[in-house]
Amino acid sequence: KDVDLSFFDTTHVARSHELSTSIEPLLSTVHVPTNVHHLQPFGRLTMHPPAVITPPTALPPLQYIQPSSTINRTSAINQNVTVQDVCTLKKYSCIPPQDGSVGYVYFMNNADGTTVREGNVQPALMNLTYFDYIYASASRLASLTKLPVLILVSNTTSPKYVEAYRAIGGNVIVKVIETRYDKLDISTVKKYHVHTFGKFEVFNPDATGNLKFLAFMNSDTFALKNIDELFCFPRKFAAVKRDTVAVAMKHSFNSGTFLYVPNKKDYEALLSDVKKTTGTVWQNGEQSLMNRRFGPDMLCFGPSYNCVGFAAFGPEGGSKSNKCSIKSNEESEVWQKRSIIHSKLSDKRFAAALPGISALWRSYLPKDVDLSFFTRDKSDL
């Protein structure tokens, strides 16, 4: 493990300037050597071979080589790391705990639910589900940290999905739980947002066991590098504050990632909040209730850990994002400055904005997802 393999993690990306309206919007070349994953202590033995996609010669031959320094595959054991509260500007340094008290957590209930509207999805990834998204996200995250990665699944989930998650192996832990949120009367503007209230289940300490301080990860998050420094924060709720949001408005956070302490009080209060608002039709899923309960007193991490807002400027905007404070349309700025992407990468708009990251994400999808379209000769299209 002390052999430096960082050279093999280098990702070579050829970036397209245009959002293709054809069946294949991704125009990139990505090389992620598969042998590296077999050598890692938590080997991703179920990964796809890397996609190799050659862009048309008519496109500008722009090349970006991801610096090896942007990849940190393991926890900073016995090394001090630092994170900043962007609301108070206070910095916290620590050696991330390795005692089994901290880790990452996902929640899945609607395993077969599809994630992207038909008009926006890449045709070759039309049938991806929440199961697939969590599989890719958790597999990637587990390869970058030695901390536990807990996947909570409802007891209505098919055993085949449970076993598939367990087969990831290494530091991935799968726990089947009984849920309560889905017994409540919940109405949302978008029907598929009902399942987002399942996020409340991660607050139940009976579900998280010995893990006392956790980073929740949405199914559509994707780690670019190790983020264990988040656990240097004091053990209380923390979420993202965008650079464009005033401190006084920090309560309007996006709940795609957050730090929290599992406890009965918050768990019961969140479920009670739903009961008290029966009849309300929620526009943003569970997020409004999360904002009300935790926003006023929360700690704040920066947009590096919940980077959203891509494709807002159309094809010419490239990787530019105001919400993520990415000023350039070059994907290289995202690699250099950000740690967690929060984006549905099977959506052709986001895939075109982040071609290299999207191709890397595809390589972590389950083996039974057919990715042959991305590797075959497309000269006949």
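Modeller: Bear in mind that this is a predicted model. Let us begin at the end of a helix: asparagine 263 caps the N-terminal end of α5, with a side-chain oxygen lying 3.2 Å from the backbone nitrogen of lysine 265.

Biologist: Which residues of α5 are buried, and what do they pack against?

Modeller: Asp266, Tyr267, Ala269, Leu270, Leu271, Asp273 and Val274 are the buried residues of α5, and these pack against α6, which comprises residues 287-294.

Biologist: How should I read the open sheet, and in what order do its 7 strands run?

Modeller: In general, the strands of a sheet pair through backbone hydrogen bonds, in either a parallel or an antiparallel sense. Here the order is β7-β6-β5-β9-β12-β11-β14, with mixed pairing. Because β7 and β14 (299-301) stand at the edges with a single partner strand each, one side of each is left without a neighbour in the sheet. From one strand to the next, the twist averages 25°.

Biologist: In which sense do β11 and β12 pair, and which residue of β12 stands opposite alanine 238?

Modeller: Strand β11, residues 238-240, pairs with strand β12, residues 257-260, in the antiparallel sense over 2 bridges, and the residue opposite alanine 238 is leucine 259. As for what lies on the sheet, α3 packs there, touching β5 (102-108), β6 (149-154) and β7, and its direction makes about 155° with that of β7.

Biologist: Where is glycine 169 found, and how does its relative accessibility class it?

Modeller: Glycine 169 is in the loop between α3 (159-166) and β7 (172-177). Buried means under 20% relative accessible area and exposed means over 50%, so glycine 169, at 22%, counts as partly exposed.

Biologist: What do the totals say about the chain as a whole?

Modeller: The secondary structure comes to 9 helices and 15 strands, and of the 381 residues, 57% count as buried. Among contacts between residues at least 6 apart in sequence, 74% join residues at least 24 apart. The accessible surface comes to about 16,300 Å², of which 52% belongs to carbon and sulfur atoms.

Notes
Residues numbered from 1 in each chain as written. Predicted model: local features only at pLDDT ≥ 70, side-chain atom pairs only at ≥ 80, totals over all residues. Heavy atoms only, no water. Buried < 20%, exposed > 50% of the residue type's maximum accessible area, 1.4 Å probe, protein only. Helix = DSSP H or I, 4+ residues; strand = E, 2+ residues; numbered from the N terminus. Contact = heavy atoms within 4.5 Å. Polar contact = N/O pair within 3.5 Å; in protein donor to acceptor, adjacent residues only side chain to side chain. Areas by Shrake-Rupley, 256 points an atom, 1.4 Å probe, with all protein chains shown as cover. Pairing = 2+ DSSP bridges. Axes fitted to C-alpha atoms, helices over the stretch in contact; angles between N-to-C directions.
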